[in-house]
Amino acid sequence: MAKNIAVIGDNESIKGFSAVGLDIYPCDTPEEASGLLRRLGDSDNYAVIFLTEEVFDLTEKERSRYEERLTPAIIPIPGVKCNSGAGIKRLSSFVEKAVGSDIIFND
Amino acid sequence: MAIMNVNPTRMMLSKLKKQLVTAVRGHKMLKDKRDELMRQFLELIKETRELREKIEKELSASNDHFVNASAVMSKQALDASLMSPKQQIMLEVDSHNVMSVEIPKFSSVARTNDKGDIFPYGFAFTSFELDDAVMSLEKLLPDMIRLAEIEKSCELMSAEIEKTRRRVNSLEHVMIPRYQETIKYIAMKLEENDRSSRTRLMKVKDMLLDKAHNYSANN
């Protein structure tokens, strides 16, 4: 079944993605972001949901619901404002979970 | 190590021995599964890391283009030019099985094949910075889809590795020693019973001999 790709974040960071064919969902408040993520995640229309790192940090509870599922894949991307390193931190947490201690990102 | 609360009977002994064999075999297989998953996971996480670093760098470059574009164009004009996109990306979701972990595989299908369709605006009233920004995003998109695919795989695999590791450890350090201890306990208990009944029989035989023939084994 064909699914789409969504991007959630502040308007500035994500408006370009609409041109290349992704669905954009601008949001400004944390509540809005959590609601959006929940709605998009449950709708099952999206295979991938990109979040700006800002939104990513704010929606930990909602994200955990989709951790075990094949789709949607929820992936953080840097926004205009800052690059908080949330993406790399996430990878490092995977290594920690699998190996027991972070052997790859601790340099 | 605590032994199990079981009756020390021969039946229980053979049952436990069978269970021990199963546990040992399961332990070996789970250990192999963990090792193979770990190998694949480490390969994948290295690729993910490289791809993510590349994407983060290029995305921030493309964001810079957007900032420049919004500096030379009015906000309304910029929003209006991106308002009605022509292109739409669809993903076919497939999954394949790596050591009992279902990992996703995405293949993207664009609505139109025309390369120009990523520009939903006329070029007359927009800045070239906007073109650059959109073009760099377009170039980045396949990588981003690949990143989503492998990052999700890493997430699913790390959860499975953790589970498998716990199972291996509990078998290795709890279940198997417990079976071994219990088997040893039952074996010893049975031997002890054996010995005690043998001495009792010998004693009874002595007593019977004594009674029948006034014959004592001692003299």
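Figure 1. Of the 219 residues in chain B, 25% are buried (a residue is buried if 20 or more other C-beta atoms lie within 10 Å of its own, exposed if 12 or fewer, and partly exposed in between, with C-beta atoms placed from the backbone). Chain B has a radius of gyration of 37 Å, while a compact globule of 219 residues would come out near 17 Å (the radius is taken over C-alpha atoms, and the globule rule is 2.2 Å times the number of residues to the power 0.38). Along the principal axes, its C-alpha atoms fill a box of roughly 130 × 30 × 25 Å. Chain B is built from three helices and two strands, in the order α-α-β-β-α along the sequence (helices, H or I with at least four residues, and strands, E with at least two, are DSSP runs numbered from the N terminus). As for contacts in chain B between residues at least 6 apart in sequence, 81% join residues at least 24 apart (two residues are in contact if their C-beta atoms, placed from the backbone, lie within 7 Å).

Some bookkeeping for all the views: residues are numbered from 1 along each chain as its sequence is written, and chains are lettered from A and ligands numbered from 1 in the order in which they are written. Since the model is predicted, local features need pLDDT of at least 70 and side-chain atom pairs count only at pLDDT 80 or more, whereas totals for chains, interfaces and linings use all residues.

**Figure 2. Chain A on its own.** Here you get five helices and four strands, running β-α-β-α-β-α-α-β-α along the sequence. The radius of gyration of chain A is 14 Å, close to the 13 Å that the globule rule gives for 107 residues, so chain A is as compact as a globular protein of that length. Its C-alpha trace spans about 40 × 35 × 25 Å along the principal axes, and 48% of the 107 residues count as buried. Among contacts in chain A with a separation of 6 or more, 56% come from residues 24 or more positions apart.

**Figure 3. Where chain B touches chain A.** Chain B puts 48 residues into the contact and chain A puts in 34. On the chain B side, the elements giving two or more residues are α1 (10-72), β1 (89-98), β2 (101-110) and α3. Which element gives the largest share of that side? It's α3(B), with 16 residues. By class, the chain B side splits into 29 nonpolar, eight polar and 11 charged residues (Ala, Val, Leu, Ile, Met, Phe, Trp, Tyr, Cys and Pro count as nonpolar, Asp, Glu, Lys and Arg as charged, and the others, Gly among them, as polar). On confidence, the predictor gives the complex an ipTM of 0.90 and a pTM of 0.85. Chain B has a mean pLDDT of 88, with 97% of its residues at 70 or more (pLDDT is the predictor's confidence in each residue, from 0 to 100).

**Figure 4. Helix α5(A) against α1(B).** Two packed helices are described by the angle between their axes and the distance between the axes. The axes of α5 (residues 86-99) of chain A and α1(B) come within 10 Å and cross at roughly 170° (axes are lines fitted to C-alpha atoms, for helices over the stretch in contact, and angles run from 0 to 180 degrees between N-to-C directions). α5(A) and α1(B) are therefore roughly antiparallel (angles under 35 degrees count as roughly parallel, over 145 as roughly antiparallel, 65 to 115 as roughly perpendicular and the rest as oblique). Look for Leu91(A) and Phe94(A) among the α5(A) residues, and Phe41(B) and Ile45(B) among those of α1(B). This contact counts eight nonpolar, two polar and three charged residues.

**Figure 5. Helix α1(A) against α3(B).** The axes of α1 (residues 11-19) of chain A and α3 (residues 128-213) of chain B come within 9 Å and cross at roughly 75°, so the pair is roughly perpendicular. Gly16(A), Phe17(A) and Ala19(A) meet Ala133(B), Val134(B) and Leu137(B).

Figure 6. Most residues other than glycine have a negative phi, and most peptide bonds are trans. Asp44(A), not a glycine, has a positive phi of about 65° and lies in the loop between α2 (30-43) and β3 (46-52). Asp44(A) is exposed, with 12 other C-beta atoms within 10 Å. Over in chain B, Met99(B) has a positive phi near 50° and is found in the loop between β1 and β2. Met99(B) is partly exposed, with 18 other C-beta atoms within 10 Å.
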